[in-house]
Structures are given as structure tokens and as C-alpha cells.
Amino acid sequence: MKKTLVLLLAIWLCGICGAQAAQLNKVAAVVNGQVITMFDLQKAALPELARARLNPNDPKQAKDVDKVFRKVLDMMIMDILLGQEAKRLKISVSPTEVDNEIAKLMKSRNLTKQQFEAQLAQQKISINEIRENFEKSLLRQKIMGMEVGRKVVVTPAEIKQYYEAHKDNLYDRSGLHMGVLVYAPNVNAQSIAAQIKSGKLTFEEAAAKYSIAPNKDKGGDMGPVEWDRLNPEWEGRLTKMKSGDVTELFDLQGRKAQVHLFRPGGGADKQLTLEQATPQIDAILRQPKAVERFEDYTSQLRSKAVIDIRL
């Protein structure tokens, strides 16, 4: 993925000359007076193009490249709308808040500042890009909390109904760690996953031998699972797991991967009472409602905005 992204960037930059350079200076869209240039769009689209293994300079792939551009442009438009909305609501994110998020990220990956910066350099990602991404994410969270979250209601009856249907899978999740195994491209992930499932090979042994993810020497252990910080996809995947479970193979940024949820030092899982499980159930039921309301909210932002797309 890293090499592909760098290669795509090199191909794209080398191909820029004359008319192409002029094309990049053109406007891709204007959002309430704020301009997105073709250069901005192509740069933002590079990771998606790399994951899809698309070359923006290949005429045969033009349709697929255009789909990626339009998808990324849609995301960029929404970022601008949310940024403008944050100004209207007088919501801001301080440098200290961003620093704290970066510190949490390094802690979750058991990385020192030097190791973290080395990883960024290896992936050709600047610290400013990381900071900008965290700022956008925090702004989105604050807007959701102010304009969306307070309008989402989960009733006691809904919580009790969910508990009765799922109590066998509701247990104390504190102290759980997440192990990640991202398979190298030259190994048979299906075969190794089958060995893990049969017990012929432990997840930790497989991670140490075949993974290209951080902390492979620690069996892929990424540290404690911060449940309130998981995105919906990971929340949905891990919530269904018990301590000791390993996921089936899934795609992670173009690679085959697996996740191991475990409790260091062992120990049996403790089933939660209704009272103990209420915060966990509330979060589970609140998430899809919040997403639905947020989609309605962003749709309203779009309908009120002046958006001129020039692709």
C-alpha cells in the first residue's frame, strides 16, 4: 500500500506538464464561496486510488478514476460544510486537544514519539496532515454532540429489550486488549487463518511470523480497547466478540487481516447485570440513531448550501 501510494504519486507528478498542469489549476468545486482545486482533489484522492490500484493517467481506467474523484470530492465538500458550520456554532478545536488525541494514538499503539514520527515518515505522511485529520474528526464529534447527540433518545424499554435478547454476550469488557494481524502480501492468509481456527497455530505465533502490523513482536497486541473511540465498523465487529475470540479474515486497506480480542493474563468473562450493562447498551443503540440523524443533518446542510461542482 505504501509503495503503491508513493508510485502513484510519482507517476502522477511526472505526468504533469503543459495542459495537465493547467488542468490542475482549474476549480473542481465551489462550496459557499470556498474553492476546491483539481490539485487539492487529486492529492486527496491518491490514497483511495492506491487502494483501488488505479492509475489516474491511464485512459482505460478513466471511469473508475472518475468515480473515486467524485467520492472524494463529496467528502471534501462535507468537510468544508462542517467547517463552516463549526464557525457558525462557534465550535473550535484547540492545539492541546489535537495533541491529546495524538498522545492517545501513540499510547494505543505502544509507540514513542520518535517511533511514531518514524512510521509517519515511512508512510510519507506529515504530522500536519495527521493534525488536520484529528481536527476535522474532533469538529465532527463536537457538532454531532451539539446538534445531533442531544436529540437522540434511547428509552429504558429499548435497553431492557436489548438486554434480554443479548445478555449472554454482555460481559465486563474492561481490561480487554485488541491484537491485530495484517498479513504480508506473499503469504497464504486463508491457510494461516485456518490453522489459527483449528488451534494448530496461536494468533500470537501467526502475528509474530506473518504480520506486517505494528507490535508483531508482541503478538500483534495493540493495547487496551478504547470502546468509546471505535468507529462504527470496528464497534460492530468487536462488540459481538468475547475474550479469546478471533475474527474471520477481512479486508483492511487492501490487505487480509484478523483481530484477536483477549484479556491479558486470562480470566473468565463476567456477565453484566441489566444495571451494569445499561451504559454499554445505550451506546450500542444510540450509534445507529445518531448516524441516521447526522445524515439528516448533513443533508440539510447540503440543501441550504450553494455548491457548484465543475468536474
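1. A salt bridge is here a side-chain nitrogen of Lys or Arg within 4 Å of a carboxyl oxygen of Asp or Glu, and the structure holds 17 salt bridges. This is a predicted model, in which local features need pLDDT of at least 70 and side-chain atom pairs count only at pLDDT 80 or more, while totals for chains, interfaces and linings use all residues. Residues are numbered from 1 along each chain as its sequence is written, and side-chain values use heavy atoms, with hydrogens and water left out.

2. Arg 88 pairs with Glu 85 in a salt bridge whose closest N and O atoms are 2.7 Å apart. Both belong to helix α4 (residues 62–88), and because they are three residues apart there, about one helical turn separates them; helices (H or I, at least four residues) and strands (E, at least two) are DSSP runs, numbered from the N terminus. Arg 88 is exposed, at 54% relative accessible area, whereas Glu 85 is buried, at 8%, where buried means under 20% relative accessible area, exposed over 50% and partly exposed in between (1.4 Å probe, protein chains only).

3. Lys 197 forms a salt bridge with Glu 248, with 3.5 Å between the closest N and O atoms. Lys 197 lies in helix α9 (residues 189–198) and Glu 248 in the loop between α11 (232–239) and β5 (250–252), so the pair ties together parts that are 51 residues apart in sequence. Lys 197 is exposed at 67% relative accessibility, and Glu 248 is exposed at 54%.

4. In the salt bridge between Arg 263 and Asp 269, the closest N and O atoms are 3.2 Å apart. Arg 263 is buried at 15% relative accessibility, while Asp 269 is partly exposed at 30%.
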